[in-house]
Amino acid sequence: MIRPTPWPSDTGWASTRGPAAGCCAFPADPGTAAPRRSPSTTDRSMTQPKPLPPVADLLRDFHAGARTPEGLMRDCFDTIDRLDGQINALPTRVPRERALEAAERAGRAIRAGEPVGALAGLPYAAKDMHRTAGIRTTFGSPIFADHVPDRNDAIVQRVLDAGAILIAKSNTPEFAAGGQTFNPVLGTTCNPHDPRRTSGGSSGGGAAAVASGMAVVADGSDLGASLRNPAAFCGVVGLRPSTISNPALMPDANGFNTMNTVGSMAPRVADLRWINRAIHAPMPARPMADWLAAIDAEAAARRRAAADRPLRLAYSIDAGGAMPVAAPVRRALQRAIDTLRTRAGARGIELVEAFPDMADADDCFQVLRAQYFVENLGELYRTDRAKMKDTVAWNIEQGLALTPERLAAAAVTRTRIFARVAAFLGGFDAWLLPTVQVLPFAHEIPFPTEIDGKPLATYIDWVKSCYWITVSGHPGLSLPAGFEPDPADPLGVPLPVGLQLVGHYGRDEALLDVGERIEALLAG
């Protein structure tokens, strides 16, 4: 979630809007009407979502002339035209001619051997919480339905500087508040595996777009779960980086906050690695041949390291009963653990059932999250409360009621939790646990209120497996762990389940290394 106050010179854009609800497409180009479709209670006609090929393969094809950035951009627009009327992942789109012209320029630069970024020519979807120059940015709120920034947020600019080409804005819940992506301006985003169900949130549009092959690159933000939850629900990879204070990158009102962070989602860990670097460790341009040589050399080095270095992994499905986990998620996670155990012995991987002490993490997160809402939306609450959804207002009101003593206690508690998790991880390479405690749920459910009969105290308790990691400050990586049907929906399709890996603080690349190894083991 980011500070929604417009820049002083921002202008309005009177454009056609999406419906108040329903999986419907925003016009493919400004002013062009597109077919609209609402979520169906019976429609399961979509085929299995198919993401685009690996980033390294796409760049290699660009360099060899087997594929062009312009051709890839056309393919993505074709996929959007074919699927997004039902999914509604990318409700605001860059004019097609503009994106194709940028792709053609990228292709010319690659063919000429000019220095380019590591993501040169790759279609990119920016979260509608991130400002994009000249492209409507609504924050999912009626207050900003016609808001057009005149500059890019830093995360957007860094991805563009790496050579990616903006194709669309991805949908988000209002002010990124909530784990289901719907808002009154642009409607509801559907899960590409089952359009009757949520894609998660708050970066749900980006996850659905990447899973469906509408874009190669999707950014996002993560306060409590907003990169990892939609990645898990859509069957892709998402990383919440280590918590750091970076006012040069963060678009929040308090740029020094360490609760929210920005990052990315991708079909595979290897893809996410290069997108994450573009955001958090920008690299100078170089000819495509040099990028490909670097990609191949790094991949070979990681394979050698994996062959020589054993892994020791902790795992826990419910942290000793401290968090409720739905039975289908338990089954999928246990199956993944069993698969790792079966295949890991010969590859030097040890699995130990263990978990750190997360006492007081729930209250700590609620306090610091409420403070974050006041920082970012408190002023808007005083002027536009009537236009806010109730859960957003509730978060702000919780923050306004906080005392200095409670804020101080939460900050101290967070430091203690960080130390406990860091000490625990001293004996392991990563800690494995569920990304989300439930399966993707129906659109009619704003948020789960119980898990297998156990009532939940707040509207975010079903993602405590994620927000615990936020509080700890450590990096969290969600990987696809398999599929499991919903027993309450006998006619439904199997749904994605995510496995979360928690790594050592500040060693995000090492966590991605572990993630690649586990990803390969689970794939067989």
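In the predicted model, an open sheet of 11 strands is formed with mixed pairing, and its strand order is β2-β5-β3-β10-β12-β11-β18-β19-β15-β13-β14. Alanine 314 has tryptophan 431 of β15 as its bridge partner.

The loop between β18 (476–484) and β19 (495–502) contains proline 494. With a relative accessibility of 45%, proline 494 is classed as partly exposed. Its contacts, leaving aside neighbours within four places in sequence, are with Phe483, Glu484 and Pro485. A separation of 9.0 Å is found between the C-alpha atoms of proline 494 and glycine 482, which lie 12 residues apart along the chain.

Among the helices, α8 (residues 288–308) comprises 21 residues and spans 31 Å from its first C-alpha to its last, close to the 30 Å expected at 1.5 Å a residue. Buried residues in α8 are Met288, Trp291, Leu292, Ala294, Ile295 and Ala300. An α-helix has 3.6 residues a turn, so residues three or four places apart point the same way. The buried residues of α8 pack against α1 (55–64), α3 (96–111) and α7.

Helix α7 (residues 269–280) is also the site of arginine 277. Arginine 277 has a relative accessible area of 13% and is therefore buried, the cut-off being under 20%. Not counting residues up to four places away in sequence, arginine 277 touches Pro282, Met283, Glu298 and Glu509.

A further helix pair is formed by α12 (residues 404–425) and α13 (residues 464–472), whose axes come within 8 Å and cross at roughly 100°. Since angles of 65 to 115 degrees count as roughly perpendicular, α12 and α13 are therefore assigned to that class. In this contact, Arg414, Ile417, Phe418 and Val421 of α12 meet Thr470, Val471 and Ser472 of α13. The residues of the contact comprise four nonpolar, two polar and one charged.

Definitions and conventions
Residues numbered from 1 in each chain as written. Predicted model: local features only at pLDDT ≥ 70, side-chain atom pairs only at ≥ 80, totals over all residues. Heavy atoms only, no water. Pairing = 2+ DSSP bridges. Helix = DSSP H or I, 4+ residues; strand = E, 2+ residues; numbered from the N terminus. Buried < 20%, exposed > 50% of the residue type's maximum accessible area, 1.4 Å probe, protein only. Contact = heavy atoms within 4.5 Å. Expected span 1.5 Å × (residues − 1). Axes fitted to C-alpha atoms, helices over the stretch in contact; angles between N-to-C directions. Parallel < 35°, antiparallel > 145°, perpendicular 65-115°, else oblique. Nonpolar A, V, L, I, M, F, W, Y, C, P; charged D, E, K, R; others polar.
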